Amino acid sequence: MFAYLTIDQGNSSTKAALWQHGGISDRFCVRDGDFQAIKNLIAGCRMPVKAALCSVAESQNNMLMSLKRLGIDTLDINCRTPMPLKIRYSTPETLGADRIAAAMGAFELHGGSNILVADIGSAATYDLVTADGQYLGGNISPGLGMRLRALNSFTARLPLVDAYDGPAKMFGSDTREALRSGAVYGVVAELEFYARQAGPDAKIMVTGGWADMISRYTSVECIVNHDLVLIGLNSILAYNEAKISC
């Protein structure tokens with residue numbers, strides 16, 4: 001019997017979870033490149049460990065080599081990895097592993113319904129998974145922080161605003177409010193638009209660093225799950241281990 005280590009290596013941070021007996025026994029979120037945290041995570045585990053990694057970081061190969069040095073057999077998730085989800089993207093080799101894992105996590109939790117998977121992080125992605133497990137694709141747009149930094153960088157006088165500096169009013173009464181509310185409600189409007197396209201009975205699942213804030217302002221009924229990518233990785237790893245043991 002194995003413990004599973006699932007690693008979501010993003011652009012600026014790495015999330016990992018140790019799964020034992022079907023559930024998460026320990027987890028962390030650190031800045032990318034802190035491999036010592038992973039060593040600490042598995043140090044007390046008495047079962048052999050197998051890992052699944054999804055990465056969008058340039059240091060992906062460093063992570064794989066570090067896991068190999070620890071003797072951990074690692075499944076590097078990509079569009080060719082066997083999984084229950086059928087990928088219908090026309091250029092699957094360009095599809096981010098995080099989008100694949102999030103879609104798989106959503107299907108693991110709510111298969112049988114159409115699902116809109118919204119991952120609101122550095123970028124905002126909106127992906128559609130059908131009730132019978134087909135990933136149809138989706139769209140990518142700037143996340144909240146990226147929108148605010150772009151407005152500051154590409155204009156002469158607009159200040160840099162933090163989305164957490166205050167509430168997002170429907171119409172800002174000064175420039176800082178206007179920037180913050182424009183970014184927040186811009187993402188909210190996107191989410192609500194794509195939710196309508198997914199159909200009246202679709203589940204709307206939201207994950208990512210800005211998930212809580214966006215779900216607070218939207219009128220759409222959302223299921224927020226910050227572990228969606230980790231759940232998907234665990235599901236893919238279990239699926240492949242089951243194939244090996246058959």
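# Reading a predicted model, feature by feature

Student: Which residues of α3 and α7 meet?

Tutor: From α3 come D98, A101, A102, M104, G105, A106, E108 and L109. From α7 come L228, V229, I231, G232, L233, S235 and I236. The residues of this contact divide into 10 nonpolar, 3 polar and 2 charged.

Student: Now the sheet. What holds strands together?

Tutor: Strands of a sheet pair through backbone hydrogen bonds, either parallel or antiparallel. Here, 5 strands form an open sheet in the order β3-β2-β1-β4-β5. The pairing is mixed.

Student: Which strands stand at the edges?

Tutor: β3 (23-31) and β5 (73-76) do. Each has a single partner strand, so one side of each is left without a neighbour in the sheet. On average, neighbouring strands are turned by 20° against each other, direction ignored.

Student: Where can I see a parallel pair?

Tutor: Look at β1 (residues 3-9) and β4 (residues 49-55). They pair in the parallel sense over 7 bridges. Take T6: its bridge partner in β4 is A52.

Student: Which helix packs on the sheet?

Tutor: Helix α1 (residues 35-43) does, touching β1, β2 (13-20) and β3. The direction of α1 makes about 165° with that of β3.

Student: What should I look for in backbone angles?

Tutor: Most residues other than glycine have a negative phi. H21 has a positive one, near 60°. Find H21 in the loop between β2 and β3.

Student: Is H21 buried or exposed?

Tutor: Exposed means over 50% relative accessible area. H21 has 64% relative accessibility, so H21 counts as exposed.

Student: And R147, buried or exposed?

Tutor: Buried means under 20%. R147 is at 17% relative accessibility, so R147 counts as buried. R147 sits in helix α4 (residues 144-153). Leaving out residues up to four places away in sequence, R147 touches S141, P142, A183, G186, V187 and E190.

Student: What does G121 contact?

Tutor: Beyond its neighbours within four places in sequence, G121 is in contact with G143, L144, G209 and W210. G121 lies in the loop between β7 and β8 (123-129). At 14% relative accessibility, G121 counts as buried. G121 and P142 are 21 residues apart in sequence, and 8.7 Å apart from C-alpha to C-alpha.

Student: Which elements have the lowest and the highest mean pLDDT?

Tutor: pLDDT is the predictor's confidence in each residue, from 0 to 100. Among the elements of the protein chain, α1 has the lowest mean, 85. Strand β10 (residues 203-207) has the highest, 98. The chain averages 92, and 99% of the residues score at least 70.

Methods
Residues numbered from 1 in each chain as written. Predicted model: local features only at pLDDT ≥ 70, side-chain atom pairs only at ≥ 80, totals over all residues. Heavy atoms only, no water. Contact = heavy atoms within 4.5 Å. Helix = DSSP H or I, 4+ residues; strand = E, 2+ residues; numbered from the N terminus. Nonpolar A, V, L, I, M, F, W, Y, C, P; charged D, E, K, R; others polar. Pairing = 2+ DSSP bridges. Axes fitted to C-alpha atoms, helices over the stretch in contact; angles between N-to-C directions. Buried < 20%, exposed > 50% of the residue type's maximum accessible area, 1.4 Å probe, protein only.
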